[in-house]
Structure formats: C-alpha cells, structure tokens
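Please walk me through this structure in the viewer, one selection at a time. Tell me what to select and what is there.

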Amino acid sequence: MWSENHFKTSADGEIWYLSLDKETGCGFQTKQKYRFGWFSMKLKLVGGDSAGVVTAYYMCTENGAGPERDELDFEFLGNRSGQPYLIQTNVYKNGTGGREMRHMLWFDPTEDFHTYSILWNNHQIVFFVDKVPIRVFKNNGEANNFFPNEKPMYLFSSIWNADEWATRGGLEKTDWKKAPFVSSYKDFNVDGCQWEDPYPACVSTTTKNWWDQYDAWHLSDAQKMDYAWIQRNLVIYDYCKDSERYPTLPVECPLSPWE
C-alpha cells in the first residue's frame, strides 16, 4: 500500500516482511473484497523491545479511515523487553468502533509463526488464534448499528508507530535505536465470497459454504471449552464491562456468545 522499500520477501516468496523505522512503516492489502468467509494468516511479531510498535492485521471496507467504514481488527501492541504482547480486537460499523477487547496470549508471538483468523458470517464474527476462539461477536438477527454484514471488505496488514497510545497508554515510547522493527507473514488463506460489482452470485448462496452453515453459526462444544478458558484467564479489557466509559451498555453486549 505504501513504502515498498520497507517490504521484502524470502527468496522463495513464501514469507513477507514488513519493517518500521523512524521514517515510515509499511502495509499491504488484497486486491479483492469479500463479504463473509474464513480469513487466515500466519504472523511472527516483532521481537525484543517493541514498545510503541503496532502490527495490525484487519479487514476494512475501504483503504483509509473513512467516516462510514466497517472494520474487523487484530492489533498486536508491542511492549518493553520481557513484558507480554497484548492483542487488541475491535469491530466497526458505519465508522463507529469503541468495541475493544484486549487479551494476553498463552505463548510468545515473536518466537514463531502463529495463525490468526477471522470467521465472518451473518450470525457471528469470531476471532481465532491458532484455531482457539478468543472473541465472539454475535448478531441479533435484526437491522442494527453494531454488526457489520452489508459491505464487502479488503484484507490489510501494516506496521506503524503508535507510541502515543499503544504501550501502557502511551507512557512507553518507541526506542528508535532498536529499529528496524520487522513483522513476518506467510500462508495467507481466504475461503470466502469474493465480491464482484454490482454483487456476486455467492452473496445469496453463502450457506452452501462451510463458513456459513449451521455449525459455523455457533461455537462447537470443544470451542466453548477453549473460549471459556480464555475468558477466565487471558482477558485484560472488555468494553462491555467498562461502565465508566459506557454507563449504558452498548446494545450488543447482552448477546450470548454461547448460543
């Protein structure tokens, strides 16, 4: 998307590297848009002292932070050496986000590649890490202002400096002596309804695909056990439990992830 000299690949083209220095970061996006499906990629995050550095892997309806965009975010928030990475997820509809959750991970995401995936259908959006559901965002089956389900999205990834907020609320600044900061990617995989204007045939027949059949509308029993463990042990922040920020809870918060 920008700064092509900060983008490199392995000799065989299978691994992609995005780098950040004091000048700029870097990003890439898909040429195609999709509405609903399974979207997956393996990432290895910036190692060492990565405070202030954000690596993002996300879906968005447009190239830019437009006022009407829909968006599904994975953001990996760098930290000082020895401190754990945090993973932040967010959901936007028609330009409104504010639906952050933050989790710790149960492994060091800088040591090896791990798989980060999004399942998106009209019933739920599930964020997965290594096939473990860490977040479930449900639809209520009615027209609403919280569940993005109408506009197709591109996939993006980028690395940038966000030291005004990313690490300990902006207290920890990026140490540019450690630059360049490099994140690595491989095994990009999409199984979804690829968009064609004015609309593709698959829009009306998504239930022919596994990612929009009954079993994909709910967590399986095994997934529920994993999800319960994540909820008990690794959730750092959940906007639905932030009564100072939201004295009246957003309407989607009472929807049960278990159903």
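Is C193 buried or exposed? This is a predicted model, and in it C193 has a relative accessibility of 1%, so C193 counts as buried.

**First stop: C193 and C202**

A disulfide joins the two, with 1.9 Å from S to S. The torsion about this S-S bond is about 85°, so the disulfide is right-handed. C202 has a relative accessible area of 22%, which makes C202 partly exposed.

**Second stop: C240 and C253**

Now select C240 and C253. These cysteines are also joined by a disulfide, S to S 1.9 Å. Here the torsion about the S-S bond is about -80°, so this disulfide is left-handed. C240 and C253 both lie in the segment after β14, so the pair ties together parts that are 13 residues apart in sequence. C240 is buried at 18% relative accessible area, and C253 is buried at 16%.

How many disulfides does the count come to? The count comes to two disulfides. With bonded cysteines counted along the chain, the pattern is 1-2, 3-4.

Select C26, which is in no disulfide; the nearest cysteine sulfur is that of C60, 18 Å away. Then select C60. The closest cysteine sulfur to that of C60 is in C26, and 18 Å is too far for a bond. A disulfide needs the two sulfur atoms within 2.5 Å. C26 is buried, with a relative accessible area of 1%. C60 is buried as well, at 2%.

With 41% relative accessibility, L249 counts as partly exposed. L249 and Y239 are ten residues apart along the chain, and their C-alpha atoms are separated by 8.8 Å.

Select residues 221-233, which form helix α1. At 1.5 Å a residue, the 13 residues of α1 should span 18 Å, and the end C-alpha atoms are 19 Å apart, which agrees.

Which residues of α1 are buried? They are Y227, A228 and I230. Looking down the axis of α1, the buried residues fall within an arc of 160°, so they line one face of the helix. On the other side of α1, the residues D221, A222, M225 and R232 are exposed.

To see what the buried residues of α1 pack against, show β8 (101-104), β11 (132-138) and β14.

β11 is mostly covered, and seven of its seven residues are buried.

Next select residues 124-129, which make up strand β10. How do β10 and β11 pair, and over how many bridges? The two strands pair in the antiparallel sense, over six bridges. To look at a bridge, select F127 together with R135, its bridge partner in β11.

β10 and β11 form a hairpin with two residues between them. In this turn, D130 has a positive phi of about 50°.

Notes: Residues are numbered from 1 along each chain as its sequence is written. This is a predicted model: local features need pLDDT of at least 70, side-chain atom pairs count only at pLDDT 80 or more; totals for chains, interfaces and linings use all residues. Side-chain values use heavy atoms; hydrogens and water are left out. Buried means under 20% relative accessible area, exposed over 50%, partly exposed in between (1.4 Å probe, protein chains only). Helices (H or I, at least four residues) and strands (E, at least two) are DSSP runs, numbered from the N terminus. The expected span of a helix is 1.5 Å times one less than its number of residues. The arc is that of the directions from the helix axis to the C-beta atoms. Contact means heavy atoms within 4.5 Å. Two strands pair if DSSP finds at least two bridges between them.
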